[in-house]
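My notebook is open and I am ready to look around. I will write down each thing as I look it up.

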Amino acid sequence: MATGDSQIQLVTFRLGDELYGVDIMSVKEIVKIQPIRPIPNAPYYMVGILNLRGDIIPIIDLHRRFHIDFSNGVEELDELESGFIIINIDGNQIGIIIDRVSRVVSVDAAEVQEPPKMMGGIGSEYIKGVVRTTDENFLIMLDIIKLFDPKEMQKILIDNRK
């Protein structure tokens, strides 16, 4: 069994048919689907802003960002299963839309494999690693910091203040 230093805790969630995970230390909270206010001229993957207890949080649709097909549009998300994961990137809060939150898992760092060069439209630069969960399934570990380069973060945050 691995020591505590070699364990990684991930908040896991579904986007389409795939299981993704983000480092638990980047996650502020998980909230249920709530009304989003659209922002004109925002990046294509930013669906709008959310007022969460007085904090204005830009909401990002990873389906759009990763070009993942899904049967429901953002307007048709299942309120019982879908939600937002509020993450902290360099002191800024951003919400990402998820189809369904799964659970928090601990992964042995030795089980993490290098990502393939391209995974279903998601560039390997956004992936920290891949962990086999069963014979045919994988957990894709996202690198939240690399999802948004500094110029994109600046645009999201400027659009958010309008």
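Which residue takes a positive phi in the hairpin of S4 and S5? I found Arg53, with a phi near 50°, in a hairpin that has two residues between the strands.

**Entry 1: what I am looking at.** This is a predicted model, where local features need pLDDT of at least 70 and side-chain atom pairs count only at pLDDT 80 or more, while totals for chains, interfaces and linings use all residues. Residues are numbered from 1 along each chain as its sequence is written, and side-chain values use heavy atoms, with hydrogens and water left out. I noted that pLDDT is the predictor's confidence in each residue, from 0 to 100. The chain has a mean pLDDT of 80, and 75% of its residues reach 70 or more. Over residues 71–75 the pLDDT stays under 50, and there the model has four contacts (heavy atoms within 4.5 Å) beyond four places in sequence.

**Entry 2: the overall count.** I looked up three helices and twelve strands; these are DSSP runs numbered from the N terminus, helices being H or I with at least four residues and strands E with at least two. Of the 162 residues in the chain, 46% are buried. Buried means under 20% relative accessible area, exposed over 50%, and partly exposed in between, using a 1.4 Å probe and protein chains only.

Entry 3: I traced an open sheet of five strands in the order S3-S6-S7-S5-S4, with mixed pairing. Two strands pair if DSSP finds at least two bridges between them. Strand S3 (27–32) and strand S4 (46–52) each have a single partner strand, so one side of each has no neighbour in the sheet. S4 is still largely enclosed by the rest of the structure, because six of its seven residues are buried. S4 and S5 run antiparallel and are joined by six bridges, and Asn51 stands opposite Ile56 in S5. On another pairing, S5 (residues 55–61) meets S7 (residues 92–98) in the parallel sense over three bridges. There I found Gly95 in S7 as the bridge partner of Ile59.

Entry 4: Where does Glu29 sit? I found Glu29 in strand S3, and Glu29 is buried, with a relative accessible area of 17%. Next I checked His63 in helix H1 (residues 62–66). His63 is buried too, at 3% relative accessible area, and its side chain makes a polar contact with the side chain of Asp99 (3.0 Å).

**Entry 5: the other five-strand sheet.** I followed an open sheet in the order S8-S1-S2-S12-S11, with mixed pairing. Strand S8 (100–108) and strand S11 (127–132) stand at its edges, each with a single partner strand. S1 (residues 7–15) and S2 (residues 18–23) pair in the antiparallel sense over six bridges, with Leu15 opposite Glu18 in S2.

**Entry 6: the cores.** A nonpolar core is a set of buried Ala, Val, Leu, Ile, Met, Phe, Trp, Tyr and Cys residues joined through side-chain atoms within 4.5 Å. The largest one has 28 residues, and Phe13, Leu62 and Phe66 are among those with the most contacts inside it. A second, separate core of ten residues includes Ile33, Leu52, Phe84 and Ile86.

Terms used
A polar contact is a pair of N or O atoms within 3.5 Å; within protein, one must be able to donate a hydrogen and the other to accept it, and residues adjacent in sequence count only if both atoms are side-chain atoms.
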